[in-house]
Amino acid sequence: MTSSSILWFLVSCSILTGVVVNAELCPQALADPFAAFKTHFLLWTRRNPIVFQPLIVGNPILLGVSNYEPTNPTIIYAHGWTDNGQNILSLRMRDSFLQREDCNFISVDWQFLALPPAYPKSAANVQPVGELTGNLVNFLISQGADRLKFHLLGFSLGAHVVGRAGLTAIDIMPRITGFDPAFPCFEKANRDEIIDSTDAEFVDIIHTNAGLLFQKSLGFPFSLGHADFWPNGGSIQPGCGPVDLTTNGTIGNIAAALGRVSCNHRRVVEYFIESVNSAIPFTSTQCNSYAEFNSGACANNFQTSMGLPVSTSARGNFFLNVNPSRPFAQG
Ligand SMILES: [Ca+2]
């Protein structure tokens, strides 16, 4: 195991045994009062594709000496629990956008507010981190950035971060994308606390591990955006293997099953990264359910591509099948 997979093993064990995600602890969890000092914004462009430049809200001098280009698209990505602004998913997301076009890629690094083992605390930190990110948007627009060229994206808890950022932005964002938004601690949240269709002109959500915690799922099981995508039905992804802790419960088998939970959850980011530059589309069909989609009853319904090239006129629930390995899209 690599260090990150060991970490995920420990986190997954904690999740599934209820040690970390105890829903009863969610209402009591308070956000870190020093969240503003623990949230960092890291900028990469094609002029600095490897070494980031820090951005600070309210500091136009730092912005002015950076490579930030206000006429280029601005992509803002927020990581999830246990991750950080320079983890492998964040950097691969960065690379995919910089490969596609010259843009300002900003990673919201809130790693010290998203540390295990206290998930409820991390969930509470989503609100201030989201507001700080919204303040960054407001600052960049005040310095000449084009509102219409913003796209905010977030994974798991990070999906709610960018939702809150959209709410905080003075100028409504054109698009926010949520990757398998976290469900634990947000079951009873109001729309201001979670990513939803009121946070941007177009909100697209991709679900890959939808369900309840006792079902070994981490993602929201309900539609949240203008368009919600449910690859392979939205809960279990091909190639991740069965998540069954009851069979032949040796340590090795349990470890493998726990790894598959995170595989289903994190696969959403893999799909999106592929969609940024791939010629093979994730063609998706508007339908009421995955079963109905598979029956062929929706074959004549509206279709669009899941991921970056989605049609912003898409509305409703969309279904598609995916491959177990790259390329994940089936065309
Ligand atoms: Ca919201």
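I started with burial: 47% of the 331 residues in the chain are buried, where buried stands for 20 or more other C-beta atoms within 10 Å of a residue's own, exposed for 12 or fewer, and partly exposed for what lies in between, with C-beta atoms placed from the backbone. A reminder to myself: this is a predicted model, in which local features need pLDDT of at least 70 and side-chain atom pairs count only at pLDDT 80 or more, while totals for chains, interfaces and linings use all residues. Residues are numbered from 1 along each chain as its sequence is written.

**Entry 1: the inventory**

I found seven helices and 11 strands in the chain; these are DSSP runs numbered from the N terminus, helices being H or I with at least four residues and strands E with at least two. Next I looked at contacts, meaning pairs whose C-beta atoms, placed from the backbone, lie within 7 Å. Among those between residues at least 6 apart in sequence, 71% join residues at least 24 apart.

**Entry 2: the sheet**

I traced the open sheet of 11 strands in the order β2-β1-β4-β3-β5-β6-β7-β8-β11-β9-β10, with mixed pairing. Strands pair here if DSSP finds at least two bridges between them. Which strands stand at the edges? They are β2 (48–55) and β10 (303–306); each has a single partner strand, so one side of each lacks a neighbour in the sheet. Neighbouring strands of this sheet are turned by 25° against each other on average, direction ignored.

Then I zoomed in on β1 (residues 40–45). Five bridges join β1 to β4 (residues 104–109), and the two run antiparallel. His40 stands opposite Asp109 in β4. With β2, β1 has four bridges, again antiparallel, and Leu42 has Pro54 of β2 as its bridge partner. A hairpin through two residues joins β1 to β2.

**Entry 3: α4 and α5**

I compared the angle between the two helix axes first, using lines fitted to C-alpha atoms over the stretch in contact, with angles from 0 to 180 degrees between N-to-C directions. α4 and α5 pack at about 45°, their axes 7 Å apart. That makes α4 oblique to α5, given that angles under 35 degrees count as roughly parallel, over 145 as roughly antiparallel, 65 to 115 as roughly perpendicular and the rest as oblique. On the α4 side, the contact includes Ser122, Ala123 and Val126, and on the α5 side it includes Leu157, His160 and Val161.

**Entry 4: Ala29**

Ala29 lies in the loop between α1 (3–17) and β1. Is Ala29 buried or partly exposed? I noted it as partly exposed, because it has 15 C-beta neighbours inside 10 Å. Ala29 and Ser122 are 93 residues apart in sequence and 8.6 Å apart in space, C-alpha to C-alpha. Not counting residues up to four places away in sequence, Ala29 touches Pro120, Lys121, Ala123 and Ala124.

**Entry 5: Asn67**

I ended with Asn67, in the loop between α2 (60–65) and β3. Asn67 is partly exposed, with 14 other C-beta atoms within 10 Å. Which residues does Asn67 contact, leaving aside neighbours within four places in sequence? I listed Thr45, Arg47, Asn48 and Gln53. From Gln53, Asn67 is 14 residues away in sequence and 8.0 Å away in space, C-alpha to C-alpha.

How values were computed:
Contact = placed C-beta atoms within 7 Å.
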